[in-house]
Amino acid sequence: MWLFRRPGPSGFSKTSTAEQVTDGIDASGLTAIVTGGSSGIGRETARVLALRGAHVVMGVRNVAAGKQVQEAIIKEIPTAKVDAMELDLTSMASVRKFASEFNSSGRSLNLLINNAGIMMTPFLLSKDSIELQFATNHLGHFLLTHLLLDNMKKTARKSKIEGRIVNVSSEAHRFAYPKGIRLDKINDEKQYNKYQAYGQSKLANILHANELTRHLKEEGAEITANSLHPGVISTNLFRHVFTPPNFAQGFVSKLSSLLMKNVQQGAATTCYVALHPQVEGVSGAYFSDSNLAKTTELAKDVDLAKRLWDFSMNLIK
């Protein structure tokens, strides 16, 4: 197991935790939105950002669960500033309502953590009749980012502090459909493959961050956009992988204690990219284990990124 503990150029490794990679960092005065903040690595990300002094707004589908997490964080960290707001990424109406309420509250926004996601579901459609994994993992976050971007630009100009957008992607982007993003067959149920569809949505997260970087640089905005692989973490994301539960699920559960990260380690790369000074000025990059990492050639495809951007913009009109 010593290989996993060997630090990369950043000084951190696969076993580094979110608290370790943010040790000594003061995030006081920063406001962060974390989607999917009521469970898994989203919850740990929210907790650690709050621990470092940031005002954290959790975008959660289940408000009751979000309030419980809010209370738990404040109980542990009495000085924490944490709020929970309803956000259903499968519904563009819900995303618009969340963004409108946040923007109209007068709050500034420094950090946007696009963390929430679903994994390897059967073929289903979102509330807007778009394949569910693409709609939730990519399009909901694409729209949310679009609606909050002016706030982030204004905040960066006023505060003179770099804004950061963090897309939680996955190494599963390597297993997308052969052409990467099936723009002309997003809702094709006959050729749907839940594993490749998940990979497609995670590839879209990377392409979104890359194309967003190009737009931000053209505008001269002091905002960065990066993507990352959090690691393989044993969370409830795996509930659709083995249906019904079988021997493989039990085997993976046993194996997880050896190969998978725990939640504290799983949130590390997100917190590193969101807060660490080493990442200042870095944009359009991909991280893993709190270090720069390589993607597939498709993830670097500038034309595909532009086409996905245009496709997504048309869907959110």
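Modeller: Helix H3 (residues 40-51) packs against helix H4 (residues 63-76) at an angle of about 35°, and their axes lie 11 Å apart. Helices here are DSSP runs of H or I, at least four residues long, numbered from the N terminus; axes are lines fitted to C-alpha atoms over the stretch in contact, with angles from 0 to 180 degrees between N-to-C directions. It's a predicted model, so local features need pLDDT of at least 70, side-chain atom pairs need 80 or more, and totals for chains, interfaces and linings use all residues. Residues are numbered from 1 along each chain as its sequence is written, and side-chain values use heavy atoms, leaving out hydrogens and water.

Biologist: Is the crossing of H3 and H4 left-handed or right-handed?

Modeller: Right-handed, as in the near helix being turned clockwise from the far one by less than a right angle.

Biologist: And which residues make the contact?

Modeller: H3 brings Arg-43, Ala-46, Arg-47 and Ala-50, and H4 brings Val-69, Ala-72, Ile-73 and Glu-76, where contact means heavy atoms within 4.5 Å. You get 5 nonpolar, no polar and 3 charged residues there (Ala, Val, Leu, Ile, Met, Phe, Trp, Tyr, Cys and Pro are nonpolar; Asp, Glu, Lys and Arg are charged; the others, Gly among them, are polar).

Biologist: Switching over: at what angle do H5 and H6 cross?

Modeller: Roughly 20°, with the axes of H5 (residues 92-104) and H6 (residues 132-159) coming within 10 Å. That's why H5 counts as roughly parallel to H6 (under 35 degrees; over 145 is roughly antiparallel, 65 to 115 roughly perpendicular, the rest oblique). This crossing of H5 and H6 is right-handed.

Biologist: What kinds of residues are in the contact of H5 with H6?

Modeller: 10 nonpolar, 3 polar and 1 charged. Among them are Phe-98 and Phe-102 in H5, and Leu-143 and Leu-147 in H6.

Biologist: How do H7 and H11 cross?

Modeller: At roughly 90°, with the axes of H7 (residues 194-219) and H11 (residues 302-316) within 9 Å, so H7 and H11 are roughly perpendicular.

Biologist: Which residues meet there?

Modeller: H7 residues including His-208, Glu-211 and His-215 meet H11 residues including Lys-306 and Trp-309. The contact of H7 with H11 divides into 7 nonpolar, 2 polar and 3 charged residues.

Definitions and conventions: Helices (H or I, at least four residues) and strands (E, at least two) are DSSP runs, numbered from the N terminus.
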